[in-house]
Amino acid sequence: MTEKFKGTVLVVDDEPANLGVLFEFLGQAGFKVLVAENGHSALERVALAKPDVLLLDIKMPDMDGFEVYRQLKAQGNTDEMAVIFLSVLSDTESITSGFDMNAVDYITKPFNPLVVVARVEKHLTLHNLRQQLQREITERQQAEADREATMQLMRTTLDGMSDPVVLIGVDYQVLWANKAMEEQYGGER
């Protein structure tokens with residue numbers, strides 16, 4: 001019995017055995033799993049499917065995973081997904097190269113499929129939280145811009161009135177006064 005749908009994972013690996021194992025374990029964990037056996041088909045599938053997570057092998061015959069990732073970044077296709085490199089390369093240079101490219105993780109082969117599932121789940125959760133936070137920040141910035149535009153409109157409107165108007169804060173301090181108020185009672189705005 002599968003759990004509820006958690007997201008879409010694209011697994012890119014030239015080894016059919018790795019694809020089969022990850023397809024099975026990720027599918028049982030509630031993910032929709034797509035597979036690609038080479039870099040070119042990975043580029044096509046990312047463009048069509050827009051996966052949430054990309055598990056990307058580095059050592060592939062036609063195009064290595066680093067090049068696939070560079071092309072995806074150049075196309076702007078990496079902003080909405082978590083990218084995890086999966087490779088037999090375990091040297092420090094390869095691992096740091098993956099992180100320097102902004103991948104969220106690097107898993108070395110041979111891998112434990114349960115660990116891969118756990119890491120995919122964790123990174124997808126973190127990725128979704130970052131996306132949600134970014135949306136909330138954008139919404140808040142828009143709300144602040146709207147509030148400032150409304151305040152500017154109010155100031156302009158109230159400055160045009162001939163009656164004195166003053167805005168007093170909860171601590172009884174004058175926050176703002178229109179031109180008529182200043183002209184009648186003096187003082188700075």
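Author: Helices (H or I, at least four residues) and strands (E, at least two) are DSSP runs, numbered from the N terminus. On that basis the elements of this chain run β-α-β-α-β-α-β-α-β-α-β-β-α from the N terminus on, with six helices and seven strands in the chain. The model is a predicted one, in which local features need pLDDT of at least 70 and side-chain atom pairs count only at pLDDT 80 or more, while totals for chains, interfaces and linings use all residues. Residues are numbered from 1 along each chain as its sequence is written, and side-chain values use heavy atoms, with hydrogens and water left out.

Reader: What makes the order S2-S1-S3-S4-S5 an open sheet?

Author: Two strands pair if DSSP finds at least two bridges between them, and the five strands of this sheet are paired in parallel in the order S2-S1-S3-S4-S5. Strand S2 (31–36) and strand S5 (105–108) stand at the edges with a single partner strand each, so one side of each is left without a neighbour in the sheet. The twist from one strand to the next averages 20°.

Reader: How do you know that S3 and S4 pair?

Author: Five bridges join strand S3 (residues 53–57) to strand S4 (residues 82–87), and the two run parallel; Val 53, for instance, has Ala 82 in S4 as its bridge partner. Helix H3 (residues 65–74) packs on the sheet, touching S3 and S4, and its direction makes about 145° with that of S3. Contact here means heavy atoms within 4.5 Å.

Reader: Why are H1 and H5 called oblique to each other?

Author: Axes are lines fitted to C-alpha atoms, for helices over the stretch in contact, and angles run from 0 to 180 degrees between N-to-C directions. Angles under 35 degrees count as roughly parallel, over 145 as roughly antiparallel, 65 to 115 as roughly perpendicular and the rest as oblique. The axes of H1 and helix H5 (residues 113–159) come within 10 Å and cross at roughly 55°, and H1 and H5 are therefore oblique to each other. The crossing is right-handed, a term for a near helix turned clockwise from the far one by less than a right angle, anticlockwise being left-handed.

Reader: Which residues make the contact of H1 with H5, and how do they divide by class?

Author: Val 21, Leu 22, Phe 25 and Leu 26 of H1 meet Pro 113, Leu 114, Val 116, Val 117 and Val 120 of H5. Ala, Val, Leu, Ile, Met, Phe, Trp, Tyr, Cys and Pro count as nonpolar, Asp, Glu, Lys and Arg as charged, and the others, Gly among them, as polar, and the contact accordingly divides into nine nonpolar, no polar and no charged residues.

Reader: Why are H2 and H3 called roughly parallel?

Author: The axes of helix H2 (residues 39–49) and H3 come within 10 Å and cross at roughly 30°, and the two helices are therefore roughly parallel to each other. H2 passes H3 in a right-handed crossing.

Reader: What sets the chain against a compact globule?

Author: The radius of gyration is taken over C-alpha atoms, and the globule rule is 2.2 Å times the number of residues to the power 0.38. A compact globule of 189 residues would have a radius of gyration near 16 Å, but the chain has 27 Å.
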